[in-house]
Amino acid sequence: LPTLFLSLFLQAKMSRPVQARRLEGIDKNIWVEFVKLADTYSTVNLGQGFPDFPPPDFLKQAFVRALGREDHALHQYTRAFGHPPLVKILAQFFGKLLGRELDPMTDVMVTVGAYQALFCCFQAFVDEGDEVIVIEPFFDCYETMVKMAGGTPVFVPLRPKAPNDGKLMSSADWQLDPAELASKFNKRTKAIVLNSPNNPLGKVFSRGELQLIADLCVKHDVLCISDEVYEWLVYDGKEHVRIASLQGMWDRTVIIGSAGKTFSATGWKVGWAMGPNRLLQHLRTVHQNSVYHCATAAQEAVAQGFQREFALYGKPDSYFVQLPKELQQKRDWLVQSLDAVGMKPIVPEGTYFLVADISAFKSDVPDVPNSNEPYDSRFAKWMVKNKGLAAIPLSAFCCEAHKSNYNHLIRFCFAKEEATLKAANEILQKWKQEKNSP
């Protein structure tokens with residue numbers, strides 16, 4: 001009898017694949033692997049992109065007020081596509097920046113972080129056979145989200161041009177080739193993904209570069225998914241230009257934003273998509289049939305944060321003025337630390353991130369012949385295990401065919417407390433001494 005039961009049990013187990021085809025080849029995730037490594041080995045984590053300092057006091061106080069209200073309404077559902085106070089202030093704030101009147105109920109949608117806003121875009125717009133142009137290096141989810149939607153990512157690289165004056169390279173030295181970019185557009189092209197300021201390089205696309213992209217989008221009737229989550233984190237007097245403000249682009253652009261990056265509160269997971277109703281109506285369809293709703297109290301607090309910033313816009317007390325000044329100092333400090341030990345930093349114009357060339361450290365982690373793993377990945381793993389310093393390999397931000405082009409570079413996050421950056425410098429200085437000792 002037991003044998004009969006075992007036989008029936010084995011017959012009942014499913015033998016055919018259970019996963020959908022759209023999941024094939026996208027099961028691995030760089031963040032799962034490196035976050036685990038950092039948690040296990042690192043004493044200083046400059047890998048994952050989040051601040052280790054708190055959000056501003058006014059934002060934390062807004063959240064406390066939201067939780068303590070007598071009517072308890074903020075503990076319950078709010079409007080599915082965005083808490084009314086939040087979409088209203090977002091429409092008012094960004095309408096001013098874009099020079100147009102935005103309808104808060106149709107032109108703005110609140111999402112579970114910018115990540116979900118991106119997912120909604122790809123699911124809403126991309127069909128089987130569609131091509132989506134992705135500028136490389138790119139935030140890694142772009143490629144997998146395009147594939148999950150059934151589309152084909154088409155990659156166009158930013159190509160570095162070394163400065164002639166002997167100065168450190170800047171993210172501005174990484175540029176698109178106009179002819180190469182134009183060659184990627186065809187009748188199958190549905191959209192292009194723009195990320196400015198760019199993660200991982202920290203590149204801030206100039207008005208001229210954005211105009212090149214805009215002209216091609218208009219010529220080929222292509223959508224633009226504009227990931228602008230680092231819009232306030234721009235340094236050295238650079239200007240963040242919103243591509244939707246260029247002629248012909250509002251009607252074909254979805255702007256992606258993030259309260260996490262804006263207010264240094266990444267764990268709140270409040271983001272948004274912004275654009276014309278003809279586009280956002282399709283994002284709302286995806287949203288209502290997936291997460292449906294975002295945390296009400298967090299949306300209320302973010303709304304109050306934007307109301308404050310709208311009143312202080314451009315003034316010295318504005319958080320949007322203060323934060324980039326503080327981060328620029330942190331950037332400069334890490335640039336000096338890395339340069340002093342021989343890791344050549346690429347000075348970023350924006351974002352939390354700084355990319356550095358590790359070629360001078362090749363003797364510490366020799367290459368492995370016939371290894372399929374990119375060198376920068378092995379180096380980053382070795383560094384966190386042996387030096388306690390966590391960073392992310394740049395090959396994680398490019399397609400499989402191009403990983404060898406980036407395998408001498410790693411990405412650091414400098415949005416950290418002064419004590420964290422000092423601890424990183426101590427590790428680097430000790431490492432340098434060890435290299436130089438006989």
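## The whole chain

Select residues 44-424 to begin: this stretch is 37% helix and 17% strand, and its end C-alpha atoms sit 6 Å apart. UniProt, in an unreviewed entry, lists those residues as "domain: Aminotransferase class I/classII large"; UniProt positions follow the numbering used here, feature names are shortened, and annotations may be inferred rather than shown by experiment.

What you're looking at is a predicted model, in which local features need pLDDT of at least 70, side-chain atom pairs count only at pLDDT 80 or more, and totals for chains, interfaces and linings use all residues. Residues are numbered from 1 along each chain as its sequence is written, and side-chain values use heavy atoms, with hydrogens and water left out.

Now show everything as a cartoon. The protein chain has 14 helices and 15 strands. Both are DSSP runs numbered from the N terminus: helices (H or I) have at least four residues, strands (E) at least two. Along its principal axes, the C-alpha trace spans about 80 × 70 × 55 Å.

How does the radius of gyration of the protein chain agree with that of a compact globule? For 438 residues such a globule would have a value near 22 Å, and the protein chain has 23 Å, which agrees. The radius is taken over C-alpha atoms, and the globule rule is 2.2 Å times the number of residues to the power 0.38.

Switch to a surface view. Buried residues make up 55% of the 438. Here, buried means under 20% relative accessible area, exposed means over 50%, and partly exposed is in between (1.4 Å probe, protein chains only).

## A four-strand sheet

Go back to the cartoon and pick out the open sheet with strand order E11-E12-E15-E14 and antiparallel pairing. E11 (344-346) and E14 (392-393) are at the edges with a single partner strand each, so one side of each has no neighbour in the sheet. Two strands count as paired if DSSP finds at least two bridges between them. Strands of a sheet pair through backbone hydrogen bonds, either parallel or antiparallel.

Three bridges link E11 and E12 in the antiparallel sense, and Ile346 is opposite Val355 in E12. The two strands form a hairpin with six residues between them, and Thr351 in the turn has a positive phi of about 75°.

Next, select E12. Four of its five residues are buried. Five bridges join E12 to E15, and the two run antiparallel. Two pairs to click on are Phe353 with Cys413 and Val355 with Arg411.

E14 and E15 (residues 409-413) run antiparallel and are joined by two bridges. Ile392 stands opposite Arg411, and Pro393 stands opposite Ile410.

Where are the cis peptide bonds to visit? Zoom in on Glu136 and Pro137, joined by one with omega of about 0°. Pro137 is in the loop between strand E3 (131-136) and helix H6 (141-148). Then jump to Ser196 and Pro197, where the cis bond has omega near -10°. Pro197 belongs to the loop between strand E7 (189-195) and helix H8 (207-220).

Last stop: the loop between helix H9 (259-262) and strand E10 (270-274), where you'll find Ser264. Ser264 isn't a glycine, yet its phi is positive, at about 60°. Lys269, in the loop between H9 and E10, also has a positive phi, near 55°. Are these residues buried or exposed? Ser264 is buried, with a relative accessible area of 5%, while Lys269 is partly exposed at 38%.
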